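Reader: Before we discuss this model, could you set out the sequence and the structure, so that I can follow each point on them?

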Amino acid sequence: LGDKEVEYDPRFQLYLQTKLSNPHYKPEIAAQTTLINFMITLDGLEEQLLALVVNKERPDLEEQKVALMEQQNGFKVKLKSLEDELLYRLSSSQGDILEDIELIEGLERAKVTANEIAAKQIIAKETEVTITQARKAYVPVAVRGALTYFLIDQLWVLDHMYRFSMANFVTIFKKGMDVADQSEEGEGGEGGDAKPAEGGGDGKVDLNARVAKLVDTSCYTCFSYVAQGLFERHKLVFACQLCFQVQQRSGDLNADMFDFLIKGPKASGIDNPLNEWLDDSAWLTCHALKEFEAFEKLPDDMVGSAKRFREWFELERPEEVGLPGDWKKLPEFEKLLLIRALRTDRMSEALSGYVKQIMGVKYVTSNPFNLEKSYKDVSPQTPVFFILSAGVDPVKDTERLGKDLGYGFDFGNFGLVSLGQGQEPVAEKAIETAYKGGGWAFLQNIHLTPRWTGGYLEKRCDDLDSAHEEFRMFLSAEPAKLPINILQVCVKLTNEPPEGLQANLRKNWLPFSDDFFESSAKPGELKSITFALCLFHSVVIERKKFGPQGWNRVYPFNFGDLTSCAQVAMNYLEANPKVPWDDLRYIFGEIMYGGHVTDFFDRRLVSNYLMAYMHDELLEGFDIFPGFRTPSNSGNTKDILEHIAVAFPQESPTAFGLHPNAEIGFRLMQADTMFNNIRELQPRGSGMGGGMSVTEKAKAMLDDIMEKLPDQFEMLEILDRVEERTPYINVFLQEIERMQILTEEIKRSLAELDLGLKGDLQISESMEKLMNSLADMGRPEGWEKYAFPSKRILGSWVADLLMRHKQLVDWTGDMGLPKSTWLSGLFNPQSFLTAVLQTTARKNDWPLDKTVTQTEVTKKSAEEISAVSKEGAFIHGLFMEGARWDDKAGCIEESRPKELYAKIPVVQIKAAMFTGVEAKDTYVCPVYKTQDRGPTFVFNAGLRSKTPSSKWILGGVGLLMDVS
């Protein structure tokens, strides 16, 4: 063991087992052990499920099959014993064997028996063919079941909590078949007396209908069982992948088109003639789509029928309307591809409609949380596991159900333990008491005690066979890396809080009673302030759905922040004759909520919301956002609830102060995440439905990148040409060094993978990750740590890399400052801005720490710049999100409809002495490297604005250096 010699018994054998589906061991372990793959295969599972189906529907067939198998085995044994007997007699016979009467008689008996067996085997084979034919009718049920299980088994790639055991699946699959037994009249109940049809003659149609019913009920029962334990964001992903796999199995899915759907590739280097209404990204995707025969004429047709395509493109719900011209005749799946190219923001709805058409409406209808219904699948051996979401308490629901069934604290048979330090013995006692004597044990927050959960609790969940028949165990935890065994054995349930501003506002207001307001000396004022706080809390919670445009970082705002602020408001109203707005805004924005906020621009956002909500007009009532007026503070809490229900308008980004385009950005982000999830669920073996395999895709991409990669810079030759190391020269030399490191790593890793794909090297974990990234068009993890921040897919990322390299090659020509520097093309753009400050500070003899950058947006594009700036430097490559730059007015203006990222003309960066005076009519706009914002912050750009800065702050307006 290790470096020590250990004596061992010659009979010693070591068996190791892992639950990991794709473990990576060191080469020496792989060489010294025999690795056996015990994972079930699709064909093997189909055969097992077919036996289950036939055993239920036609037990006579299954009995015949088993009897036939036993008979065949008996024949083999009989023939073997006859053969052994003859060989024994022949070997022990003495003298002339023709005079050995017993031997001759034995031969005759053997011959007769062999002939009888041969005759019976012929009959048996005919019977076997008949049984196989009869069983074939039920194959679709087994095929659908196996497909469903293998998808369910793969869901853990979306979230570690999604673990399901084969035993649980088989139980639910059987339950699904039982659901098919319900009478044809009553579609609701479970169980019935309808007898299965037994095929043949007039029953053939009935048998086909019966099989279709079995396929439907078994599949949907398994689907709904799993879906009740999935987060809302993953339910449509699950339904889509199930739909696509069913179509792939039936041969109705084109593998290349499916690949296009989930990856959304783009062509490159093609001008967009429709840029007045269509963004470049959609145009390039349409050009990539024309590779398919059905879409060959798409780009030309879009230009020729631009008006009709524009009308369709600008519809609010284009997926519900026919496509322009002859394109309306496209099959449904091809229509999805066109929506993917032109209106990706509507893909969730389009996919939902597609699944509804192929699988049925029930697969896209989310069932509400129903503990009573889910409890039917629970047993002493199958606990319940609540996956916790913020603001949801499953204990109350469990207590309510327990009360109806005779379990609770009052009955003395309900143990509730909230896990934490020192609570482990209490939890063990609660479980063992209920385990032996019957009762319910509820353990909350098991993620807080990982050692105990992975020790005692995991062992207990593995051994529940001897539990009392009335024992039930309930567990709850936030998503965490919990033991797989615990997750697999449980019925998992999720219950997420309501989504939407109105639902959250109602939920926030409900806990405040009339007594709370009446206990204040100024009940009206307190009511108005509390209402504004409830709306503010709803806004800060819901704003996160807009991603980085909503918040630079994610913050754990909770209901306690709201109640604490309401109590502070009451105390301050008591202590002051007038409402102390400044004090309240400071405490709410800088302490209560601000205590969570770490990003400067997010703190600025919180402050501006409170400035907009908390002022004297609130007491009289005003339009707190377009279309919604604050309620009168003279009514009671029920009146205000009614006001929320009746007066609240349809939710839109304007309620948050955002431009309506933010809704498109949110939906694009949603679609992006969904397709990433679907990609992760794809089988990694051979190509789906005849498409290229993972290794073939990776090899093609590898060869393409290797061919495009540029030569390395000759650093010694470049350094020899440097006469003076000015700040700008230093910036570009550092950029070249970083480019060298990145391209060297790309070449090394690709060459290593190439050897692995040829079989010359063993594929390591890092090589496998690189291979999967290349096949999925994703940016490889191993390159990211040497690269620049980016959100692009691999093809676009490589093109971007080559453009960055070209800028550096151009610089090495004369080593002078470019007329206009593509700031977005630098690894470290901050260093270039520092160089501007250093150069100006040295020239004017200013202290560097008192020097700041100033920005001035020109009216020119990069191509129109004829000479280097006399003061500072020209830069380009910036995009504005949340607004646009008006060239004529020279200031920020509202975005155009559906224009998410507006290009900014060339910007002049200058240095100036810091005066401490805030510039008037200027919006201090943060500049970020990517759409992720937050950690990619570069600098502040002062942009001229005719409207107050608060409009752009609430609108999340920012400049981005790169958009995907």
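**Reading the predicted model**

Reader: Is Glu 46 buried or exposed?

Author: The relative accessible area of Glu 46 is 12%. The classes are buried (under 20% relative accessible area), exposed (over 50%) and partly exposed in between, with a 1.4 Å probe and protein chains only. At 12%, Glu 46 therefore counts as buried.

Reader: On what basis are such values given?

Author: This is a predicted model, in which local features need pLDDT of at least 70 and side-chain atom pairs count only at pLDDT 80 or more, while totals for chains, interfaces and linings use all residues. Residues are numbered from 1 along each chain as its sequence is written, and side-chain values use heavy atoms, without hydrogens and water.

Reader: With which residue does Glu 46 meet in a salt bridge?

Author: A salt bridge is counted when a side-chain nitrogen of Lys or Arg lies within 4 Å of a carboxyl oxygen of Asp or Glu, and for Glu 46 the N to O distance is 2.8 Å. The pair links distant parts of the chain, 203 residues apart, with Glu 46 in helix α2 (residues 42-57) and its partner in helix α8 (residues 232-249); helices (H or I, at least four residues) and strands (E, at least two) are DSSP runs numbered from the N terminus. The partner is partly exposed, with a relative accessible area of 38%, and this residue is Arg 249.

Reader: In which helix do Glu 717 and Arg 721 both lie?

Author: Their side chains meet in a salt bridge at 3.6 Å, N to O. At 41% relative accessibility Glu 717 counts as partly exposed, and Arg 721, at 33%, counts as partly exposed as well. The two are four residues apart, about one turn of the helix, and both lie in α30 (residues 715-721).

Reader: What is the distance between the closest N and O atoms of Lys 769 and Glu 781?

Author: These two side chains form a salt bridge. Lys 769 lies in helix α32 (residues 765-776) and Glu 781 in helix α33 (residues 781-784), so the pair ties together parts that are 12 residues apart in sequence. Glu 781 is exposed, at 59%, whereas Lys 769 is partly exposed, at 41%; their closest N and O atoms are separated by 3.9 Å.

Reader: What is the phi of Met 815?

Author: Most residues other than glycine have a negative phi. Met 815, in the loop between α34 (794-814) and β8 (821-822), is buried, with a relative accessible area of 11%. Its phi is a positive value in a residue other than glycine, near 60°.
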